[in-house]
Amino acid sequence: MGRSSSIQSVERAFAVLRALRPDGRVVSLATVAACTGLPKSTTSRLLSTMVGIGVVEKVSDAGYVVGRELRAIVHPGVGPSELVGVSATYLRELVDDIGEDAGLAVPDGDHMLYIDQVQKNRPVQVQDWTGERFEHHTTAAGYVFLAALDDEDLDSYLARPLAKLSPATETDPARLRELIEMTRRNGYAWSFEVWAEGVNGVAAPITDTSGDVVASINVFGPAYRFPGDRDLAVAGRRLLDTATHISRHLGASS
């Protein structure tokens with residue numbers, strides 16, 4: 001006796017899921033079809049169904065990734081490799097859209113650790129910060145993390161001696177608190193030459209299934225051209241929108 005159509009559908013659905021990358025990188029429809037041996041039309045229908053129930057998510061026209069509903073069930077924790085994989089396409093889109101480098105940073109104790117960076121090929125570029133660590137109060141990425149702390153933990157951080165990396169690094173606790181409150185209101189943070197002279201940046205938070213900030217996505221460039229004549233709020237919201245999409249891929253509800 002042949003298998004029922006319902007069992008065959010389940011097997012096909014699992015074949016599609018196995019074709020998606022565990023590291024979160026985007027997989028095209030053609031690649032999924034080739035991996036499963038299914039016709040593109042069948043693969044497309046299966047993917048559309050799974051997108052509808054949240055176990056697969058479509059990333060514009062680039063392809064598909066495992067969706068937040070499935071991630072929340074099988075892998076509630078978020079590791080650096082997964083963050084890099086999920087964020088890669090979005091970093092490239094930001095670089096193409098804004099024209100400056102985009103990076104990814106994760107909290108590491110009292111520091112932010114930069115774990116990925118996509119560079120824009122321009123005559124004047126900023127340094128590749130991948131592998132570098134900076135204290136929270138010295139980067140826009142750190143402002144985003146500090147803004148997510150409760151008041152007690154924030155007070156504890158601001159009470160410690162604060163390093164000054166450049167003339168513009170803010171070390172006054174009262175002023176830092178104002179900047180962090182602004183970050184909480186806006187949902188994103190700008191920094192102007194605070195971690196290095198001549199470099200400005202903007203950052204927004206990436207959250208996991210619990211709503212905790214697990215990373216920050218950043219755009220940075222030479223101060224003489226970034227942000228230039230861009231509207232700071234528009235650029236900040238562009239980054240926040242990108243961070244929200246990444247968060248949803250990681251299982252965040254919003």
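Which residues are exposed on the other side of α3? They are K40, R45, T49 and G52. Exposed denotes over 50% relative accessible area, buried under 20%, and partly exposed the range in between, with a 1.4 Å probe and protein chains only.

The structure is a predicted model, in which local features need pLDDT of at least 70, side-chain atom pairs count only at pLDDT 80 or more, and totals for chains, interfaces and linings use all residues. Residues are numbered from 1 along each chain as its sequence is written, and side-chain values use heavy atoms, with hydrogens and water left out.

The protein contains nine helices and eight strands. These elements are DSSP runs numbered from the N terminus: helices are H or I with at least four residues, strands E with at least two. The C-alpha trace spans about 75 × 45 × 30 Å along its principal axes. Of the 254 residues, 48% are buried. Contacts between residues at least 6 apart in sequence were also examined; 59% of them join residues at least 24 apart. Contact here means heavy atoms within 4.5 Å.

Helix α3 covers residues 40-53. Its 14 residues reach 20 Å from the first C-alpha to the last, close to the 20 Å expected at 1.5 Å a residue. The expected span is 1.5 Å times one less than the number of residues. Buried in α3 are T42, T43, L46, L47 and M50. Seen down the axis of α3, these buried residues fall within an arc of 130°, so they line one face of the helix. The arc is taken over the directions from the helix axis to the C-beta atoms. An α-helix has 3.6 residues a turn, so residues three or four places apart point the same way. G54 follows α3 and has a positive phi, near 90°.

Helix α2 (residues 29-36) packs on α3. The angle is about 110°, and the axes are 9 Å apart. That makes α2 roughly perpendicular to α3. Axes are lines fitted to C-alpha atoms, for helices over the stretch in contact, and angles run from 0 to 180 degrees between N-to-C directions. Angles under 35 degrees count as roughly parallel, over 145 as roughly antiparallel, 65 to 115 as roughly perpendicular, and the rest as oblique. From α2, the residues L29, A30, V32, A33 and T36 meet K40, T43, S44 and L47 of α3. By class, this contact has five nonpolar, three polar and one charged residues. Ala, Val, Leu, Ile, Met, Phe, Trp, Tyr, Cys and Pro count as nonpolar; Asp, Glu, Lys and Arg count as charged; the others, Gly among them, are polar.

On the α6 side, Y143, V144, L146 and A147 make the contact; on the α8 side, L176, L179, I180, T183 and R184 do. Seven nonpolar, one polar and one charged residues take part.

Helix α8 has 14 residues and reaches 20 Å between its first and last C-alpha, close to the 20 Å expected. L176, L179, I180 and T183 are its buried residues. Viewed down the axis of α8, they fall within an arc of 100°, so they line one face of the helix. They pack against α6, α7 (151-158) and β6 (189-192). Just after α8, G187 takes a positive phi of about 90°.

Several loop residues complete the picture. G99 is found between α5 (80-98) and β3 (101-108). At 10% relative accessibility, G99 counts as buried. Residues up to four places away in sequence aside, G99 touches L94, K120 and R122.

The loop between β6 and β7 (199-207) holds E193. E193 is not a glycine, yet has a positive phi of about 60°. At 30% relative accessibility, E193 counts as partly exposed. G198 lies in the loop between β6 and β7. G198 is partly exposed, with a relative accessible area of 28%. G198 touches E193, G221, P222 and A223, not counting residues up to four places away in sequence.

The peptide bond from F226 to P227 is cis, with omega near 10°. P227 is found in the loop between β8 (213-222) and α9 (232-249). Most residues other than glycine have a negative phi, and most peptide bonds are trans.
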